[in-house]
Amino acid sequence: MNGTVTVIDKGTVRVHSYMAPDDSLNVTTQLIETPARIVAVDGQYALGYADEVVAYAKGLGKPIDRLIITHAHPDHFHGAARFAAPVHALPAVRDQIAAQGDGRDPSGTVIPAADIAPTVEITPGTEVIDGVPFVFEAHSGGEAADQLVVKLPEQGVLVAQDLVYHDIHLFLGDNDIDGWRQALDALAAEQSYDTVLAGHGLPAGPEVFADLRRYLADARELLGDDGEAYKKAILERYPSYGGAFIIDIANRYLYGAQDA
């Protein structure tokens, strides 16, 4: 296996957190294993890694009930069709995915928009799936314009996805540090969650919120009018973090063509 799987045992629920390798931005898919089925959250960027997740899920011997897409960044939904399950998303996320049209895998394979389009609308609130309460919350602003957070209150599991990165450089392309900070404050205020699942990086505990606040404060200090200078400065401040290429992607949005 090229990716890394972390298994978290919560009694009747087990979480299998798959993190892709560095060449696919350490993006994650969460496989939430209930007594009789699997709820998958986010569908990977590279089709090969989506296939790896699906093969792992099949090894658990339970059907994939659904694939939930948390937000409209391609690294979280390009592999959706590989899961062969209904694709669920917030209406805003569904519309943002549709507006992007066809995608393209890193291998060059075209990914038709119709193959990955969410077909089931998520309404914020609580849904009991296979006897397990899932709480769906919509958040606006931060890493993406609209994002879904999934909570498992009985298990103390917070599926934060791209509102949380763990030891990975942040994508700041939406230029919304204030919105991100507000979202983190809201999530951190609920202290009953001891497991925090990140959209990039390995699972974490609630201490990750302080780390993210510090990174966002440093980014605010270091961001100027030169993308390469910012990249150099943030890499020096966080030398152990992965995902340096995420800075390059964000810089294209923040600074334009000056950045490679």
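The buried residues of helix α1 are covered by elements that include β2 (13–19), β3 (28–33), β4 (38–41), β5 (64–68) and β8 (110–111). Helices here are DSSP runs of H or I with at least four residues, strands are runs of E with at least two, and both are numbered from the N terminus. This is a predicted model, in which local features need pLDDT of at least 70 and side-chain atom pairs count only at pLDDT 80 or more, while totals for chains, interfaces and linings use all residues. Residues are numbered from 1 along each chain as its sequence is written, and side-chain values use heavy atoms, with hydrogens and water left out.

Which residues of α1 are buried? They are Leu 47, Tyr 49, Ala 50, Glu 52, Val 53, Val 54 and Ala 57, where buried means under 20% relative accessible area, exposed means over 50%, and partly exposed lies in between, with a 1.4 Å probe and protein chains only. As background, an α-helix has 3.6 residues a turn, so residues three or four places apart point the same way.

Let me turn to a strand residue. Val 135 is found in strand β11 (residues 132–140), and it counts as buried because its relative accessibility is 18%. Leaving aside residues up to four places away in sequence, Val 135 touches Gly 125, Thr 126, Val 149, Val 150, Lys 151 and Pro 153, contact meaning heavy atoms within 4.5 Å.

Now for helix packing. The axes of α6 (residues 227–237) and α7 (residues 244–254) come within 10 Å and cross at roughly 155 degrees, the axes being lines fitted to C-alpha atoms over the stretch in contact, with angles from 0 to 180 degrees between N-to-C directions. That makes α6 roughly antiparallel to α7, because angles over 145 degrees count as roughly antiparallel, under 35 as roughly parallel, 65 to 115 as roughly perpendicular and the rest as oblique. On the α6 side the contact is made by Gly 227, Tyr 230, Lys 231, Ile 234 and Leu 235, and on the α7 side by Ala 244, Ile 247, Asp 248 and Asn 251.

Helix α5 (residues 208–222) also packs with α6, at an angle of about 145 degrees and with the axes 10 Å apart. Here Tyr 215, Asp 218, Ala 219, Glu 221 and Leu 222 of α5 meet Tyr 230, Ala 233, Ile 234 and Arg 237 of α6.
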